[in-house]
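This report goes through one structure part by part. Please look over the sequence and the model shown here before reading on.

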There are 2 protein chains.
Amino acid sequence: MPTRIDIFRKTLNQKNIDAFLVSDFYNILYLSGFKTLVDDEREAWFLVTKNNVYLFTDGRYRAPSNILRLITPEHRLTQHLKEIIEKEGIKTLGIEGDDLKFSEYQAFKNNLKAAKIITTERLIIAQRQIKDADEIEKIKEACEIIDRCLTELRQEIKVGAGEKEIAFKIEFWLKNKGYAQAFDPIVAVDKNSAVPHYDTKSGNNIKIKNSSIILIDAGARVKDYNSDITRMFFVGKPKTEMLNAYNQLLDIQAKAVEKLNKEKFFKNIDSFCRQQLSVAGFPSYSHSTGHGIGLQVHEYPKLSAISEDRITPNQVVTVEPGIYFSGRWGMRIEDTVLIKEEGVEALTKFPSSFPSF
Amino acid sequence: MPTRIDIFRKTLNQKNIDAFLVSDFYNILYLSGFKTLVDDEREAWFLVTKNNVYLFTDGRYRAPSNILRLITPEHRLTQHLKEIIEKEGIKTLGIEGDDLKFSEYQAFKNNLKAAKIITTERLIIAQRQIKDADEIEKIKEACEIIDRCLTELRQEIKVGAGEKEIAFKIEFWLKNKGYAQAFDPIVAVDKNSAVPHYDTKSGNNIKIKNSSIILIDAGARVKDYNSDITRMFFVGKPKTEMLNAYNQLLDIQAKAVEKLNKEKFFKNIDSFCRQQLSVAGFPSYSHSTGHGIGLQVHEYPKLSAISEDRITPNQVVTVEPGIYFSGRWGMRIEDTVLIKEEGVEALTKFPSSFPSF
């Protein structure tokens, strides 16, 4: 089995890049297994050369000593790079143009004259689209956890409960068991459900009434991998128009999931959902139909009208069409789905069919 | 009173920049009050021209309609910018070189030929160093909240409690009251206290014993503003060497705080702490002596040996020297401090003097 580094080196070879400096937090984690405390401060770098790898970080972190090169005020990153460029005869150095800040790029350009700098985009994120067995296991686990969370908290979705209270219970449930949230859950009641990306934390905390409609969009992060699910809940008997819309949406979402194994491009999944909704007399939605998921909640491929991404086995994506009537109510059904050689598998398994949920 | 935008326009004028495109999440929040759901996906832009401001975002967000320009697939950001550049006769367009990705910069360079692009660094973050009255109020509140949190949880720091359990209680206490964490708290017991940036979440969860030393580094986020405090706790009677080190460190930290009103440069505060520790026979520490704090936990000024930042009234910084004996134990004392016209004020007021705490 080729390692992630082997696969990446093959890409570099095709592009005539002798060495590649990885700066993105998640790309470093993906290739090296190393991560810093937070994902938004530049505290580590990872260099892949033809025969070696190097991890650059500061004295607060521990890493395998054979690859670790300490960044200190006296021995900065560029100094390390200069030495390695010379020692290994590196002619071309790839960098992540879609991650490096412009001013970081400038600093490399000005200080590393020995190697030609090649800016790239989406090299590693493209590789990360195709999940290996270990990643799929971890995503499955993250899906099982969020399924369990919704199952155990199902009884809390009741008359009198507020949006923030339920969101907090989801967070508490996950963290109390040692997991993390993939993102702050969206819990949207009644007219808030019509806001596709409702912000529960800063929202007006509508409380559930009899005959309320409730949208919950949540995910777990387990062993660095994420899950993402959206389910609708009804208190009491849903209105006929809601139930009708729900059944249509459920049917369209299920068909879209199945179609992942029959189409070549993700944009066809997006257009399928919108077209089917239109045929059924519903408006289109203002968000995309889904996204790749893995170390990050939102990664490639994209399921949108302008996506050029191809459908390939071992991608993991969400499929999440919705119906929204502004100021009244809205609904979305979302699963995290694994595309297999044969068929597809929704990894989120919390029931969605009415009335059994 | 000049507004934040007024002050920023003055900077732009000095630099002959006709218009400035703000991309950083916190800089947009600072200047416009607008924020998107998450801080790491590019979902909004803010443009400041000589006479107008514009907020660009997508249909999921709400913003005042007089400044809102909707980004859609048909009407992208560059199209909006082109129109405004032409209408307002903009000759020079500033961008944030320390925030924009290299590939974003390239896209602007290629698509916006009408205006000259001027890359800048730290323009808004420099302004954000000096807090206005509203900001100081919010930071004070964030400090009061973390003080209360530590006070109420003081009794949980007892024999048998694990690091993760205490960290989780801090998080739960804050969130249950509707606040957020400034960062994941560090709770480090015994030999873990010697690791300056110990990661409690992925750590080995040492439990408190009789005669344990416990380091807690935590902060609250209230109304978007942060606080940051580190306190040491002892169970039972501390060993003489620890108590001696603690009293020395406390004295040095208090003097360093007072010195903020007497020195011109922050690097002098950093060197003062290290020098005093050295005189007292203790090793230096591998982290900086402090950092500005506000909308972000780590912002300018920096209190380090290589900092060129000047001390000015209305800056808010942390002061946090430490003493660490690897593999044995460590300690750090940290306050969030407001620099005033006359004197200084530690905004975190949880007691630090032994034995009264």
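Helices (H or I, at least four residues) and strands (E, at least two) are taken as DSSP runs and numbered from the N terminus. The model is a predicted one, in which local features need pLDDT of at least 70 and side-chain atom pairs count only at pLDDT 80 or more, while totals for chains, interfaces and linings use all residues. Residues are numbered from 1 along each chain as its sequence is written, and chains are lettered from A and ligands numbered from 1 in the order in which they are written.

**Chain A as a whole**

Chain A holds 9 helices and 19 strands. Its C-alpha trace spans about 70 × 40 × 35 Å along the principal axes. A residue is called buried if 20 or more other C-beta atoms lie within 10 Å of its own, exposed if 12 or fewer do, and partly exposed in between, with C-beta atoms placed from the backbone. By that count, 41% of the 357 residues of chain A are buried. Two residues are in contact if their C-beta atoms, placed from the backbone, lie within 7 Å. Of the contacts in chain A between residues at least 6 apart in sequence, 64% join residues at least 24 apart.

**The two domains of chain A**

Domain bounds come from an automatic or database domain assignment. This assignment divides chain A into domain 1 (4-127) and domain 2 (133-346). The C-alpha centres of domain 1 and domain 2 of chain A are 36 Å apart. Where they touch, 6 residues of domain 1 of chain A are in contact with 5 residues of domain 2 of chain A. On the domain 1 side, helix 2 (25-32) and helix 5 (123-128) of chain A each supply at least two residues. Helix 2 of chain A has the largest share of that side, 3 residues. For residue classes, Ala, Val, Leu, Ile, Met, Phe, Trp, Tyr, Cys and Pro count as nonpolar, Asp, Glu, Lys and Arg as charged, and the others, Gly among them, as polar. The side of domain 1 of chain A that touches domain 2 of chain A has 5 nonpolar, no polar and 1 charged residues.

**How the two chains meet**

Chain B superposes on chain A by a rotation of 180° with 0.0 Å of shift along its axis (RMSD 0.0 Å).

The contact between the chains takes 27 residues from chain B and 27 residues from chain A. On the side of chain B that touches chain A, helix 4 (102-111) and helix 7 of chain B are the elements giving two or more residues. Helix 7 of chain B gives the most, with 4 residues. That side of chain B divides into 9 nonpolar, 8 polar and 10 charged residues.

Helix 7 (residues 163-176) of chain A packs against helix 7 (residues 163-176) of chain B at an angle of about 180°, with the axes 12 Å apart. Axes here are lines fitted to C-alpha atoms, for helices over the stretch in contact, and angles run from 0 to 180 degrees between N-to-C directions. Angles under 35 degrees count as roughly parallel, over 145 as roughly antiparallel, 65 to 115 as roughly perpendicular and the rest as oblique. Helix 7 of chain A and helix 7 of chain B are therefore roughly antiparallel. Phe168(A), Glu171(A), Phe172(A) and Lys175(A) meet Phe168(B), Glu171(B), Phe172(B) and Lys175(B) in this contact.

**Local backbone features**

| Residue | Phi | Loop in chain A |
|---|---|---|
| Asn16(A) | about 55° | between helix 1 (4-14) and strand 1 (19-22) |

Asn16(A) is exposed, with 11 other C-beta atoms within 10 Å, and Asn205(A) is partly exposed, with 16.

A cis peptide bond joins Tyr300(A) and Pro301(A), with omega about 0°. Pro301(A) belongs to strand 14 (residues 299-303) of chain A.

Note on methods: Least-squares fit on C-alpha atoms with pLDDT ≥ 70 in both.
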